[in-house]
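Okay, everyone, thanks for coming. Let me put the model up and talk you through a couple of things in it.

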Amino acid sequence: MINDRVISDKKQLFTHSFITNHFITNHYYKYMIYKKIQQKIAEGKKMLAVLIDPDKGISSLPDFIQQIKAFPPDFILVGGSLIFKSVEKTIEAIKKECSIPVILFLGNALQFTDKADAMLYLFLISGRNPEFLIGQHVTSSYAIKKSGVENLSTGYILIDGGKPTSVEYMSNTMPIPPDKPEIAVATAIAGELIGNKLIYLEAGSGALHPVPANMIAAVKENTDVPLIVGGGLRTASDIQNALQAGADIVVVGNILEKNPELLEEFAKVCKSATNF
Ligand code: 1GP
């Protein structure tokens with residue numbers, strides 16, 4: 001689908017008016033989410049993101065959104081390592097129910113849709129698989145650029161969370177051992193140096209153990225871009241630990257799909273946590 005669109009638009013790519021009309025008119029919208037993140041950090045605030053995997057156990061998406069609207073998270077992430085259902089339809093269904101910003105969190109280029117407000121453009125920098133360092137990016141770059149969806153270049157760092165995860169298998173990469181914070185630090189710094197605007201420490205969805213606090217703290221201390229932490233966060237104290245260690249944004253998926261009522265507690269923890 002993306003390929004067809006790219007081919008049919010190729011002729012227009014090199015005309016000045018097309019570039020002006022398309023790329024520049026979308027400019028205004030392109031930096032809203034990143035600005036919001038920077039602003040919140042400057043105010044000493046922490047952020048909560050809820051991950052919705054279109055394929056996973058939510059029996060009714062509208063009901064789930066109504067429930068989370070009572071304690072709205074800062075962002076909704078949509079995506080997964082392998083998705084059978086439509087990301088686009090999932091986002092449309094979310095947007096029907098609420099105005100919480102929706103950010104793509106995609107396992108591969110095929111899942112891209114212009115219905116989101118922003119996209120974590122993930123560079124799997126803990127791995128050595130070129131497909132997830134540049135291959136998927138080349139495949140999707142034109143469609144992303146043309147869409148005007150805000151691009152959040154993200155250094156994505158997979159940490160061993162105690163069991164093999166979908167992202168590990170699907171990306172064919174090896175996670176960083178949890179007792180090697182120095183490797184996570186060096187990887188995060190490299191991500192920052194090559195221009196990633198965010199760093200994401202990921203233990204993998206459903207991880208047995210979240211990213212260790214000492215690793216979060218070490219990465220935070222050695223980098224200057226906003227830090228996202230997710231994977232295996234199940235309790236308010238897991239979230240508090242991650243935030244206290246230095247996470248700016250925590251991502252929660254699995255546990256809220258099963259127990260959406262936990263969001264109230266999680267939102268309170270995030271609200272009371274500060275950077276100062
Ligand atoms: C996974 O970080 C997210 O990419 C969320 O993980 O589903 O374990 O909360 P959980």
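So, salt bridges: the count comes to 7, taking a salt bridge as a side-chain nitrogen of Lys or Arg within 4 Å of a carboxyl oxygen of Asp or Glu. One to look at is Lys 115 with Glu 88, where the closest N and O atoms are 3.9 Å apart. That pair links distant parts of the chain, 27 residues apart: Lys 115 is in the loop between β3 (102-104) and β4 (118-124), and Glu 88 is in helix α5 (residues 87-97). Helices (H or I, at least four residues) and strands (E, at least two) are DSSP runs, numbered from the N terminus.

Quick housekeeping: this is a predicted model, so local features need pLDDT of at least 70 and side-chain atom pairs pLDDT 80 or more, while totals for chains, interfaces and linings use all residues. Numbering starts from 1 along each chain as its sequence is written, and side-chain values use heavy atoms, with hydrogens and water left out.

Now the ligand. There are 14 residues around it, and Glu 202, Ser 205, Gly 206, Gly 232 and Gly 253 come nearest; "around" means a heavy atom within 4 Å. What about polar contacts, meaning N or O pairs within 3.5 Å? A backbone N or O atom of Gly 206 lies 2.7 Å from a ligand oxygen, and for Gly 232 that distance is 2.8 Å. Asn 254 also puts a backbone N or O atom 2.8 Å from an oxygen of the ligand. The elements giving two or more residues to the shell are β6 (198-202) and β8 (249-252).

Technical notes
Polar contact = N/O pair within 3.5 Å; in protein donor to acceptor, adjacent residues only side chain to side chain.
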